[in-house]
Amino acid sequence: MAPARLHPIYSKDTTVWIETGEDRLQVMQWAIERAGFLENIEVVYQSAGKPRAQFLIAIKPNIMTASLYQNPSPVYTDPELVEFLISRLREQGYQNIAVVEARNVYDYSYQGRNVAAVAQMVGYGARGYRVEDLSEQMEPYDYGGVLGQHFVGRTWRDADYRISFAKNKTHWQCFYTGCLKNIYGCLPAWDKMKHYHGKGREYYQCCILILDRFPVHFGFLDAWVSGDGFSGHVRDAKPNRTNTIMASENVFALDWVIGEKMGVNPALNYVVQEALHRWGSIHITRIGNLSEWHPWTNIRPFVVIAMDAIEEAYWLSRFFSRAFASQQDERFPPVRKWRWLFRALQALTRLFEGAFVTKT
Amino acid sequence: MEFPMKVYGLNVIELFLTDMLTALGWGLILFAVVAGVYPNPFFPLGFLEGLLVAGTGVAGGLLLLGSGGIRHNRPVVDVAGWLLPLVGALWLVEGLLAGRAGSIIAGMAMLALAALSVFLRRQALQARFSPRFFSLRQFETMIQVADTMIEADETPALHPIEVAIHVDHFLHQIDSPLRTDIKRVLFVVEWLLPLLILRPIAFSNLGSNERRRAVEKVIGAGGLFRDVARGLKLLASAGYYGSPGGMAQVGYRPFEQRPRSQGVDQTPKHYPDPHPDGGG
């Protein structure tokens, strides 16, 4: 842990907007307007000194945790909300817009899961924007810190304006995942357990490091339908209709409020804790409905600690990643090696998923 | 619910450890009662066995007391942390001598749980501080040294933890034989300094007034302790006044920010090489 350093975005006192309603596109519109998103991007655009058509905007939604197409989904960011945001940007004259993601540990278990294929499965049309696979455009970059000399996805590196558009859901490694943890998905190596977990470096350190080096200018949270419970970040048999979109120019503040809405002390989340250590404490103004989600099922501290212990051993975490990957769209066939064993383990996973949850 | 944003607040490992110690405390008390009432599976009950059962109950009680606040009640947790493995080892020995499986299993379980709680306490500290140069114990000593040396009514510019982090990172960067001496000083402060005020407990476990008394004792002392006093002053000052916040508090402004530095040519002066031919 280093002493807190002031960051021009994350260390600023800020406001988090919590918008609720019945029509998700209308609520998204309110979030864009009230949180001052278009004014924020205009300020950054003016200081960039580039033609509007060349000003590169990178949007990082949650895509690669999708295993199946669902409408609505509690697991991945709603593509319609992302495309709505893009349409608003295009109305302002921005044309150089990329939706970015990197491959992930589902590749231990299934084949053919590149970003374009998964984005297509969940409904991204790539009309008026492009979908970029950061794992296919790895460029050397010295992050310093725990990552040191590693790689960065070119589009993420070159973006003039970065947006984290996360999904509201629980996560067994850190209680919940929001706009900060979403950027962990921009780390370009697909074998994340090998490169970003375990001895010498923790995923939350890597996540905060990339956020520090390539700052996110704005964050949105798709909490229209949310995933909770033990495996909320990858599947949820009973999604929660939370009918909310959250927005802020400071993703650190936004993630803090996400924890409050779940009834979890945000400082217990490893990612938020690392952010707190790095950027210090800030004052947050909360505007909107602050009551906790109900019904809502959180992760037990025991699970978080156990997962942290397991990931210290690469092969063990790889084994569990595959054993827990219990469902997938048919277009992505299972990896053949040890297929019979993992099919049995994945069936067991489905049986036990409800065992490690706490009701609020 | 709004949660206060605290940089050094509770972390998830401490939260889990608190719950685990509570459960362990109740478990040990319950076990002691059961073993006292039904001793047969464990040993033939005699005086020494009775003491062992009582010790187990006391360890449980201390764990319960300590888990009420693992930071504030740290000395209690420390004592329980020593007592639990001792009691576990005695149960194991008793079981081996008496040839009773129940006692052996109980002893092994207590030793395993004691090891787990030590591991978790270390992990919790690691998660809070991640020191680069100091050990976890030395880092805690450094925090208490900073807290003692910068103690004042007004709010200090830096939290004692930040002072300790500054010192830790500074010492991590430099390469000097002084580093070994500083570790030795912290060892002396942690384990020997409290003895000067007749407190046989670690410096980090003392309250702020007692820590102050111990430090005041060495300020006027001679020999080894005079060096200790100098070391403490040096460490606290370097950590506090070496930071921008500490500098600002005493009115120090870096040269580049002073009005008289503005417009001054600060480019380095270049002198001709006095030995252009290599000095031969």
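Student: Is B:Val76 buried or exposed, and why?
Tutor: This is a predicted model. In it, B:Val76 is buried, because 20 other C-beta atoms lie within 10 Å. The cut-off for buried is 20 or more.

Student: Where does B:Val76 sit?
Tutor: In helix α3 of chain B, residues 74–98.

Student: What does B:Val76 touch?
Tutor: Leaving out residues up to four places away in sequence, B:Val76 touches B:Leu62, B:Leu65 and B:Gly66.

Student: And how far is B:Val76 from B:Glu140?
Tutor: They are 64 residues apart in sequence. In space, the C-alpha to C-alpha distance is 17 Å.

Student: New topic. Which residues touch the most other members of the largest nonpolar core?
Tutor: A:Ile57, A:Leu180, A:Cys207 and A:Met246 do. That core has 132 residues. Its largest share, nine residues, comes from α1(B).

Student: What else is there apart from that core?
Tutor: Another core, of 28 residues. Its members include B:Phe134 and B:Leu158.

Student: Back to A:Leu180. What does it touch?
Tutor: Not counting residues up to four places away in sequence, its contacts include A:Cys207, A:Phe252 and A:Ala275.

Student: How many residues does each chain give to the contact between A and B?
Tutor: Chain B gives 18 residues and chain A gives 21 residues. On the chain B side, α1 (12–37) and α6 (160–173) each give two or more.

Student: What classes of residue are on that chain B side?
Tutor: Eleven are nonpolar, four polar and three charged.

Definitions and conventions: Residues are numbered from 1 along each chain as its sequence is written. Chains are lettered from A and ligands numbered from 1 in the order in which they are written. This is a predicted model: local features need pLDDT of at least 70, side-chain atom pairs count only at pLDDT 80 or more; totals for chains, interfaces and linings use all residues. Two residues are in contact if their C-beta atoms, placed from the backbone, lie within 7 Å. Helices (H or I, at least four residues) and strands (E, at least two) are DSSP runs, numbered from the N terminus. Ala, Val, Leu, Ile, Met, Phe, Trp, Tyr, Cys and Pro count as nonpolar, Asp, Glu, Lys and Arg as charged, and the others, Gly among them, as polar. A nonpolar core is a set of buried Ala, Val, Leu, Ile, Met, Phe, Trp, Tyr and Cys residues joined through C-beta atoms within 7 Å. A residue is buried if 20 or more other C-beta atoms lie within 10 Å of its own, exposed if 12 or fewer, and partly exposed in between; C-beta atoms are placed from the backbone.
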